[in-house]
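Please walk through this protein with its sequence and its three-dimensional structure side by side.

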Amino acid sequence: LNRLLPKIACLFSKHKGAYHYLVQSILDFPLPEVLSAELREIGFREVNEIPFTSGVIFMHTGRKAAR
């Protein structure tokens, strides 16, 4: 991740340093179950984690109660 992602990004961008933040952003992002728990803590219900690409990417869904 630290070596390959910035090199691949450089192929698509003229700004070599523009995508280095992605690595840290990916590493800092909460795990799916942690994000689901955080969503429940702030009032979402029916929270679901839907995996894509064999669990590399997750889509989270939930319902927020009306005020």
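A residue is called exposed when its relative accessible area is over 50%, buried when that area is under 20%, and partly exposed in between. By this cut-off T53, at 51% relative accessibility, counts as exposed.

The average pLDDT over the protein is 87, and 94% of the residues score at least 70. Among the elements, helix α1 (residues 4–12) has the lowest mean pLDDT, 79, whereas α3 has the highest, 97. Where pLDDT is low, the predicted coordinates should not be read in detail.

Helix α3, which spans residues 32–41, has P32, L35, S36 and L39 as its buried residues. Seen down the axis of α3, these buried residues fall within an arc of 100 degrees, and they therefore line one face of the helix. What do the buried residues of α3 pack against? Their partners are the strands β1 (44–52) and β2 (57–64).

S36 belongs to helix α3 and is buried, with a relative accessible area of 0%. Once its neighbours within four places in sequence are left aside, S36 is in contact with V47, E49 and H60. With E49 there is also a polar contact between the side chains, at 2.8 Å.

Just after α3, the chain passes through G43, which takes a positive phi of about 110 degrees. The two strands β1 and β2 pair in the antiparallel sense over 7 bridges, and in this pairing F44 stands opposite K64 of β2. Together β1 and β2 form a hairpin, with 4 residues between them. T53 lies in the loop between β1 and β2 and has a positive phi of about 45 degrees, although T53 is not a glycine. Apart from its neighbours within four places in sequence, F52 is in contact with I57 and M59.

Another non-glycine residue with a positive phi is E46, for which the angle is about 50 degrees; E46 lies in strand β1. How many salt bridges are there in the model? The count comes to 2. In general, side chains of opposite charge can pair when their charged atoms come close. The side chains of E46 and R45 meet in a salt bridge with an N to O distance of 3.0 Å, and R45 is partly exposed, with a relative accessible area of 42%. The side chains of E46 and R63 also meet in a salt bridge, at 3.2 Å from N to O. Because E46 lies in strand β1 and R63 in strand β2, this pair ties together parts that are 17 residues apart in sequence. R63 is likewise partly exposed, with a relative accessible area of 48%. Through the partners that the salt bridges share, R45, E46 and R63 are joined into one network.

Technical notes:
Residues are numbered from 1 along each chain as its sequence is written. This is a predicted model: local features need pLDDT of at least 70, side-chain atom pairs count only at pLDDT 80 or more; totals for chains, interfaces and linings use all residues. Side-chain values use heavy atoms; hydrogens and water are left out. Buried means under 20% relative accessible area, exposed over 50%, partly exposed in between (1.4 Å probe, protein chains only). The arc is that of the directions from the helix axis to the C-beta atoms. Contact means heavy atoms within 4.5 Å. Two strands pair if DSSP finds at least two bridges between them. A polar contact is a pair of N or O atoms within 3.5 Å; within protein, one must be able to donate a hydrogen and the other to accept it, and residues adjacent in sequence count only if both atoms are side-chain atoms. A salt bridge is a side-chain nitrogen of Lys or Arg within 4 Å of a carboxyl oxygen of Asp or Glu. pLDDT is the predictor's confidence in each residue, from 0 to 100.
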